Every structure is written in structure tokens, then in C-alpha cells.
Amino acid sequence: MAILEIRGLTKTYASGTAALSDIDLSIDKGEIFALLGPNGAGKTTMIGIICGLVTPSGGTVTVDGEDFRKSYRRVRRKIGLVPQELHTDAFEQVIHTITFSRALFGKPADAAFIEQLLRDLSLWDKRHAQVQELSGGMKRRLMIAKALSHEPDILFLDEPTAGVDVELRRDMWRMVGSLRERGVTIILTTHYIEEAEEMADRVGVIDGGKLILVEEKHALMQKLGKKRLTLNLDEPLEAIPAELDRWALQLAGEGRELVYEFDAKADKTGVPSLLRRVSDLGIGFSDLGTRQSSLEDIFVELVHKEAAA
């Protein structure tokens, strides 16, 4: 069942810049959805519209069956946002900041919930500290706690681990897993594609304000992923022999590696014939290995294709 429905969403600024163009997207309850795209692709604008921070030029946003524009307050209570920027009162105590944020959304006071939330984010020992006394990593934890203070059904994480330490990243993804178990829908943008590869159920790729692809992660990697065969040569090559042109090989490792990309699902991969031809030419190799394309490889390929179109 879809908890978020976006139809025909557009945003054009007064300057004429089209930040979003005709976005259609459905996200299911309890799903972890990763939105990937280069800087300026429209990720933050899209999140801003859904969270009521940016006014769209056209289209509709429906959250849990309710139109955002008609039921703004009720819908906004269902959404938590961890923005890229760290905005909070520098002189406020941590626990007061979280308590106030919860009250702001009309939720009743719940000291036990606030305590558990701060403990989960390793902030309990800092509960009486002023925000200005926190490290950058602790401030990021605080932003996550604020976003979760009113127990939202949907949590947006906009580049949540950019510039944070490995420990916080690990803690945060552990928390994301537990939130998903409770039925919370997670929508994240990230530059750390390995995180999307590990955590997401589906992946969307946005570029130039257009949603160029939405696909279940494993299906995407099977459909677009290629395998790479690398031959470690006994002697370096200065150039690839013309007799090997039909395999479209590449030289790497200062001429000591011969690289061949192929579709692993194709009826004929070309690998056996390549190895025979290499042997016939007297090119010796000491080892070979294969590697499946990563989500990052696929993302880069998609964006380059879109830019060239």
C-alpha cells in the first residue's frame, strides 16, 4: 500500500530554472527508498516540497491518502525530516530542544519516549548540555532525534551521513533498520551509494530535475549490471592488439591488466573465445578475476547516458 503518492510534480523558480519536471512516484509503507543524483539534480527540492518547505509549481502530493495542500497540519505530523543543514537553538539544552520539537507537532509529553530516543542516539549523557557545546557528530544525532521526536510515519534523511564519523553512520543505519521494523517509511538521499546498495529496497535516480529511473534494487543490478573480467598479464602491453578489437578491451594497471566488460546473462559472453584468442597471440597471464558491477557503476552509467541524450 502506497503511503506517499507524487503525481506530475514540477518546480520552476522565478529565474526560469526548472528544478523538477513532471515527477511521478509511489512509495510503499515500510519501504526504504534511496533517491540518488548528482548535486543540483533536484533531490533536496523534491524533499522540500513533500515536507511543505517549498511551494510546487504544479502537481500533487498525497500522504497516507490525504492531499498535502488540503490537510497540511495533519499530514505534516506524519513526516520527520533530517535536513542537510544543522539548524537549532545554540543556547537550548538538548532535552528541551527535543521536548519542544515533540510539542510543536501536538504530541503529548512522554518522558520515557524522549529518554529512550536520546539513549538510542547516544545523547542521553548530553541531555543537559547546550547545543553549542556539542560536536558536529553530536549535532547531527540531535537533528535525527528532533525529526523522530513526534513519532512520524515517514522519515526523510537528506544526505544524513555527509561528513560524519563512521560510528555515527553505523549507529544511524542500525536505527534505520529498527524503524523499518516498526513500519516507518524511510526516504533518503545519499552520496554514499554503498549505503543505498545495502539498505534500500528500491532506488530512484534523478538528474536535471527528471526522475530517469525507479527500480527495485536487485532487479536494477541484474538488469543493468555488467561483469568485469580482469586478466593480470605476465608482461605489460603498450597497446591492445588489433586482433582483440571485437571485445572492446581496456588496458589498466600501467598495461599489466586487460579488462573486459560483458553481460553475464547473455547467451554468449565472449569470455571463452577471448581467452582462446589471448592464448593464441602468446599473451601470458598469471591470474584472472571477475567482479559484478556495483550500484555506483550503474548510477554513473545512467547519469552519463541521460546527459548525452
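Guide: The largest cavity has a volume of about 50 Å³, where a cavity is, on a 1 Å grid over the protein atoms alone, a set of points at which a 1.4 Å probe fits but cannot get out. The volume is the space filled by probe spheres set on the points, and grid points are joined across faces, edges and corners. Rolling a probe the size of a water molecule over the atoms shows where empty space is left. When the whole structure is searched, 1 cavity of 30 Å³ or more is found.

This is a predicted model, in which local features need pLDDT of at least 70 and side-chain atom pairs count only at pLDDT 80 or more, while totals for chains, interfaces and linings use all residues. Residues are numbered from 1 along each chain as its sequence is written, and side-chain values use heavy atoms, with hydrogens and water left out.

Around the largest cavity, the lining is made up of Leu4, Leu25, Ile27, Phe33, Leu35, Met46, Ile47, Ile50, Phe156 and Ile187, lining residues being those with an atom within 4 Å of a point. Two or more residues of this lining come from each of β2 (18–28), β3 (32–36) and α1; helices (H or I, at least four residues) and strands (E, at least two) are DSSP runs, numbered from the N terminus. By class, the lining has 10 nonpolar, no polar and no charged residues, where Ala, Val, Leu, Ile, Met, Phe, Trp, Tyr, Cys and Pro count as nonpolar, Asp, Glu, Lys and Arg as charged, and the others, Gly among them, as polar.

The element that gives the most to this lining is α1, with 3 residues. Helix α1 (residues 43–50) is largely enclosed by the rest of the structure, because 7 of its 8 residues are buried, buried meaning under 20% relative accessible area, exposed over 50% and partly exposed in between (1.4 Å probe, protein chains only). Those buried residues are Lys43, Thr45, Met46, Ile47, Gly48, Ile49 and Ile50, and α1 is followed by Gly52, whose phi is positive, near 80°.

Gly65 lies in the loop between β4 (58–63) and β5 (66–67), and Gly65 counts as exposed because its relative accessibility is 67%.

Definitions and conventions. On a 1 Å grid over the protein atoms alone, a cavity is a set of points where a 1.4 Å probe fits but cannot get out, and a pocket is an open set with protein on both sides within 12 Å along at least five of seven lines; lining residues have an atom within 4 Å of a point.
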